[in-house]
Amino acid sequence: FASEKELLEGMRDAIKCHQSLLRSAGILHRDISPNNIMLYNPEDSDTLASDLPKGFLIDLDLAKYIGPNTTTADGTLNGVRRRTGTMLFMAIEILMVTCSRHCWRHDLESFLYVLIW
């Protein structure tokens, strides 16, 4: 990326990709890290730049199918009980084992750690 704006736009689009995976396919990524976020420069393409995402997720090896938007007793989306991911970017609750399920908000916390890294 050549500017802070490009970085933020790429991160925004990667988060949208995460949301789409979860809402449309019921897949939770569980390994958000700099190595799994790809930034793309649409100016390198013949397609109109506004039509292309500037960031997306790769490496779904640790992703887990959690099904449609089912909720738990506390109203949060169902998660996964096993701890996975790149430790440097894991959510604090997952690292400290104070939360029994990995859910979407833990992946969002990982996006924050990638951004400030």
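This is a predicted model: local features need pLDDT of at least 70, side-chain atom pairs count only at pLDDT 80 or more; totals for chains, interfaces and linings use all residues.
Visitor: Which residue does Glu93 meet in a salt bridge?
Guide: Side chains of opposite charge can pair when their charged atoms come close. For Glu93 the N to O distance in its salt bridge is 2.8 Å, and Glu93 lies in helix H2 (residues 92-95) while its partner lies in helix H3, so the pair ties together parts that are 12 residues apart in sequence. The partner is itself partly exposed, with a relative accessible area of 34%, and the residue that Glu93 meets is Arg105.

Visitor: How far apart are the closest N and O atoms in the salt bridge of Arg12 with Asp13?
Guide: Arg12 counts as partly exposed at 39% relative accessibility, while Asp13 is buried, with a relative accessible area of 9%. A salt bridge needs the nitrogen and the carboxyl oxygen to be within 4 Å, and in the bridge between Arg12 and Asp13 the closest N and O atoms are apart by 3.0 Å.

Visitor: How many residues make up the largest nonpolar core?
Guide: In soluble globular proteins, nonpolar side chains tend to be buried together. Here the largest nonpolar core includes Met11, Ala14, Phe89 and Phe111, and helix H1 (4-25) and H3 each supply at least two of its residues. Leaving out residues up to four places away in sequence, Phe111 touches Met11, Ala14, Ile15, His18, Ile32, Ile37 and Leu57. The number of residues in this core is 10.

Visitor: Which helix gives the largest share of the nonpolar surface patch?
Guide: The patch, of about 380 Å², is made by Leu8, Leu112, Leu115 and Ile116. Leu112, for instance, is partly exposed, with a relative accessible area of 44%. The largest share, three residues, comes from helix H3.

Visitor: How many disulfides does a search of the whole structure find?
Guide: The sulfur of Cys99 has its closest cysteine sulfur in Cys103, and because the two are 5.7 Å apart, they are too far for a bond. Cys99 counts as buried, at 19% relative accessibility, whereas Cys17 is partly exposed, at 23%. Over the whole structure, the number of disulfides found is zero.

Visitor: Which residues is Trp117 in contact with, leaving aside its neighbours within four places in sequence?
Guide: Trp117 is found in the segment after H3 and is exposed, with a relative accessible area of 66%. In sequence Trp117 is 84 residues from Ser33, yet in space the two are 9.8 Å apart, C-alpha to C-alpha. Apart from those sequence neighbours, the contacts of Trp117 are Pro34, Leu88 and Phe89.

Key
Residues are numbered from 1 along each chain as its sequence is written. Side-chain values use heavy atoms; hydrogens and water are left out. Patches are made of residues with over 30% relative accessible area and no salt bridge: like charges are joined within 9 Å, nonpolar side chains (Val, Leu, Ile, Met, Phe, Trp, Tyr) within 5 Å. Accessible areas come from the Shrake-Rupley method with a 1.4 Å probe; for residues, only the protein chains shown count as cover. A salt bridge is a side-chain nitrogen of Lys or Arg within 4 Å of a carboxyl oxygen of Asp or Glu. Helices (H or I, at least four residues) and strands (E, at least two) are DSSP runs, numbered from the N terminus. Buried means under 20% relative accessible area, exposed over 50%, partly exposed in between (1.4 Å probe, protein chains only). A nonpolar core is a set of buried Ala, Val, Leu, Ile, Met, Phe, Trp, Tyr and Cys residues joined through side-chain atoms within 4.5 Å. Contact means heavy atoms within 4.5 Å. A disulfide is a pair of cysteine sulfur atoms within 2.5 Å.
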